[in-house]
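Please open the model in your viewer and keep the selection panel handy. We will go from stop to stop, selecting as we go.

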Amino acid sequence: MSHIPLSVAVVGAGSRGLGVVERLVAHCLERPTPLTVHLIDPQPFGAGFHLSDQPDHLLLNTVCGQLSAFADAQMVDGPVPVPGPSLHEWCRRRDLRLADDGYTVRAGEGREIQPNDFLPRRLLSEYLAWAAGEITCAAPESLTLIRHRTTAVDILPGGSGSETVVLADGSRVDADAVFVTVGHHSLYLPAPSAPDPRLVTRPYPLPTALDGIGPGERVAVLGMGLTAMDVLATLTLGRGGKHLTDEAGMRYLPSGREPSIVLTNRSGMPSRSRPRLRPGRVRFAPLALTTDRLDEIRAGTPDGRLGFTRDVLPLIEAEMELAYYRTLLAREYGDATGAGRELARRCARDGHEALLGELHARFGPCPVTGILSADLTDRQWTGYDAYRDWFTAEVAADLAEAREGLGAAPLKEALEVLRDHRDVLRAVIDPPGVDDASLATFFGEFAPTVNRLVIGPQLDRSAELLSLLDAGIVRLGPGPRPKIVAPAGQGPWRLESTCLDRPLRIEVDHVVQAHVSEPGADRVAGSLLGTLVAAGRVRTLAHRGAAVHGLDVTRQGQGIDRTGTPQPRLFFLGPHTEGSSYYNHYVPSPGVPSRALRDAELALRTALPSLITRKR
């Protein structure tokens with residue numbers, strides 16, 4: 001398209017849609033151009049599926065200082081004329097404070113909120129809605145924003161190189177380009193009917209989804225990640241229980257309305273908690289896992305595609321080991337920056353393999369070895385007590401490192417490589433990407449492992465888990481790889497051990513599947529994405545033979561149709577493109593490059609080349 005479109009449509013008004021609108025506002029402020037933006041979503045603008053009526057004990061798993069709806073010069077390659085506060089700054093301006101329980105937030109009551117606090121999700125909803133209003137108010141007269149508070153049900157090719165968005169209210173919107181930013185689209189739809197009313201297949205929205213579980217009843221919670229921690233908090237704190245902390249540690253005070261909870265998952269391993277963010281912690285550039293090194297490897301392959309296990313995994317593990325030893329060296333130096341500078345110098349001189357050999361000889365073995373491939377399901381435990389003792393010791397050790405925090409705890413620093421260098425991991429998946437087998441390995445094995453290691457619960461949640469285990473409110477399931485046996489009639493569900501020398505069977509009245517994963521667009525009939533896939537306007541990555549359900553899009557975000565042809569005016573941004581790119585479900589952080597906003601820039605620059613131009 002060589003002309004500036006007269007209009008664009010943004011389908012989905014959550015944080016991704018807000019990012020697209022923010023970019024359009026920024027560019028139109030710099031270069032006033034007549035443009036109509038149709039924003040289509042029944043949900044409030046900005047907040048999307050971040051609901052404002054959630055209880056305070058349902059927390060964000062990103063600290064408030066790392067969340068912002070406003071772009072700055074480090075976040076995006078484009079103009080940034082609309083400044084605004086981060087979530088932390090927004091809370092401070094309103095004198096919002098945190099209560100002693102660690103999660104209740106009220107104006108003027110409690111201690112000041114710090115940048116490294118995990119806050120209630122409802123605050124992010126309020127913040128994003130407020131930010132959307134601020135960004136909209138900053139728009140120039142040349143930009144006309146039209147809200148359509150309904151759902152888009154289809155997108156059809158229009159005449160004269162346009163697209164037509166069909167709305168649920170029967171109306172239609174013609175646009176020269178459409179940006180689909182519907183986020184977690186299937187969560188808006190009713191949950192499929194479970195074969196047994198005592199089986200909860202989708203534990204959201206909370207607490208409503210768990211209302212059928214009565215006090216004292218037995219419930220199995222399948223999963224140990226963020227969703228499982230939400231379920232535990234809802235069935236304990238949400239029912240009037242309290243965690244009390246004194247010099248002896250944390251203990252749980254029951255309300256009497258809790259059920260009896262059995263916590264289990266397939267791997268048998270706990271999720272590692274998010275560490276405390278120490279002030280002044282330095283984020284270092286990668287030494288082994290670099291885009292330059294990936295480009296070198298690509299240049300030596302016939303099609304430019306990487307083999308993940310062969311080419312990439314050794315670099316990831318090397319980078320994690322370097323981070324571990326850098327933290328030990330920083331202890332000796334008393335200066336993290338100096339330690340980082342020394343490692344970078346020696347790595348440039350000798351290479352990372354030789355440097356790691358020297359560090360290993362000096363400091364001893366690194367516990368990172370094998371952590372990305374750890375598996376308990378082939379391990380046979382002598383009995384339940386042995387497994388339980390191992391599990392609680394693992395949680396306690398991880399909690400101690402999380403409290404020591406980033407910048408001080410060597411293992412946490414090593415694991416944080418998986419977050420700090422996420423953009424390099426994205427470069428692994430970006431076209432030409434990896435071979436088909438590697439795509440399945442990356443998203444089927446590696447990405448879930450990363451989630452367990454560094455996208456885990458807040459450290460307070462880990463402390464609360466130990467408190468609940470001590471109080472007997474929660475017990476662990478029967479070891480790794482439990483067998484779940486559904487009742488034939490009205491009898492109990494059974495959880496049976498498969499990795500214990502002395503078999504164990506646990507009976508429960510309810511089962512909650514607390515490991516939510518969004519199905520592929522082709523598996524959600526009736527959704528906009530499902531309709532587009534069925535019509536062949538965009539395809540999923542299933543054609544690559546991988547167990548990856550994301551949409552197939554170009555690096556510019558253009559949907560690729562069933563014939564393999566990119567759609568020039570139909571763009572997709574957000575979680576539903578996972579597989580074509582990596583880690584798409586997040587709100588941008590201030591002061592660091594934002595893939596979400598840069599993806600929006602790239603898509604808009606492709607659709608609106610006369611308006612959206614690279615600035616530097």
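## Stop 1

Start by selecting Ile 316. Setting aside neighbours within four places in sequence, Ile 316 is in contact with Leu 289, Phe 308, Leu 372, Leu 418, Leu 425 and Phe 446. Keep in mind throughout that this is a predicted model.

Now widen the view. Ile 316 belongs to the largest nonpolar core, which has 54 residues, and is among those that touch the most other members, together with Met 320, Leu 372, Leu 418, Phe 446 and Tyr 582. Helix 6 gives the largest share, 14 residues. Apart from this core lies another, of 47 residues; to find that one, select Val 20, Leu 35, Trp 90 and Leu 119, which are among its members. In soluble globular proteins, nonpolar side chains tend to be buried together.

## Stop 2

Next, switch to a cartoon view and look for an open sheet of 6 strands, with the order 6-2-1-10-22-21 and mixed pairing. Strand 6 (143-148) and strand 21 (558-560) are the edge strands, each pairing on one side only. Ignoring direction, neighbouring strands of this sheet are turned by 30° against each other on average.

Select residues 7-11 and 177-180 to bring up strand 1 and strand 10, which run parallel and are joined by 4 bridges. Val 10 has Phe 179 in strand 10 as its bridge partner.

## Stop 3: helix 1 against helix 15

To see where they meet, show Arg 16, Gly 19, Val 20, Glu 22, Arg 23, Leu 24 and His 27 of helix 1 with Ala 596, Leu 597, Ala 600, Glu 601 and Leu 604 of helix 15.

## Stop 4: helix 9 and helix 13

Now select residues 384-404 and 459-471, which are helix 9 and helix 13; their axes come within 10 Å and cross at roughly 150°. Helix 9 is therefore roughly antiparallel to helix 13, and passes helix 13 in a left-handed crossing. The residues making the contact include Phe 391, Val 395 and Leu 399 of helix 9 and Leu 459, Leu 466 and Leu 469 of helix 13.

## Stop 5

Leaving out residues up to four places away in sequence, Arg 461 touches His 57, Leu 58, Leu 59, Met 229, Ala 233 and Leu 237.

Finish by selecting residues 226-235, helix 4, where 9 of the 10 residues are buried. Met 229 and Ala 233 are among the buried ones. Around helix 4, its buried residues pack against helix 3 (121-137), strand 12 (218-222), strand 15 (260-264), helix 13, strand 16 (474-476) and strand 20 (510-513).

Technical notes
Residues numbered from 1 in each chain as written. Predicted model: local features only at pLDDT ≥ 70, side-chain atom pairs only at ≥ 80, totals over all residues. Heavy atoms only, no water. Pairing = 2+ DSSP bridges. Helix = DSSP H or I, 4+ residues; strand = E, 2+ residues; numbered from the N terminus. Axes fitted to C-alpha atoms, helices over the stretch in contact; angles between N-to-C directions. Core = buried A, V, L, I, M, F, W, Y, C linked by side-chain atoms within 4.5 Å. Buried < 20%, exposed > 50% of the residue type's maximum accessible area, 1.4 Å probe, protein only. Contact = heavy atoms within 4.5 Å. Parallel < 35°, antiparallel > 145°, perpendicular 65-115°, else oblique. Left-handed = near helix turned anticlockwise from the far one by under 90°.
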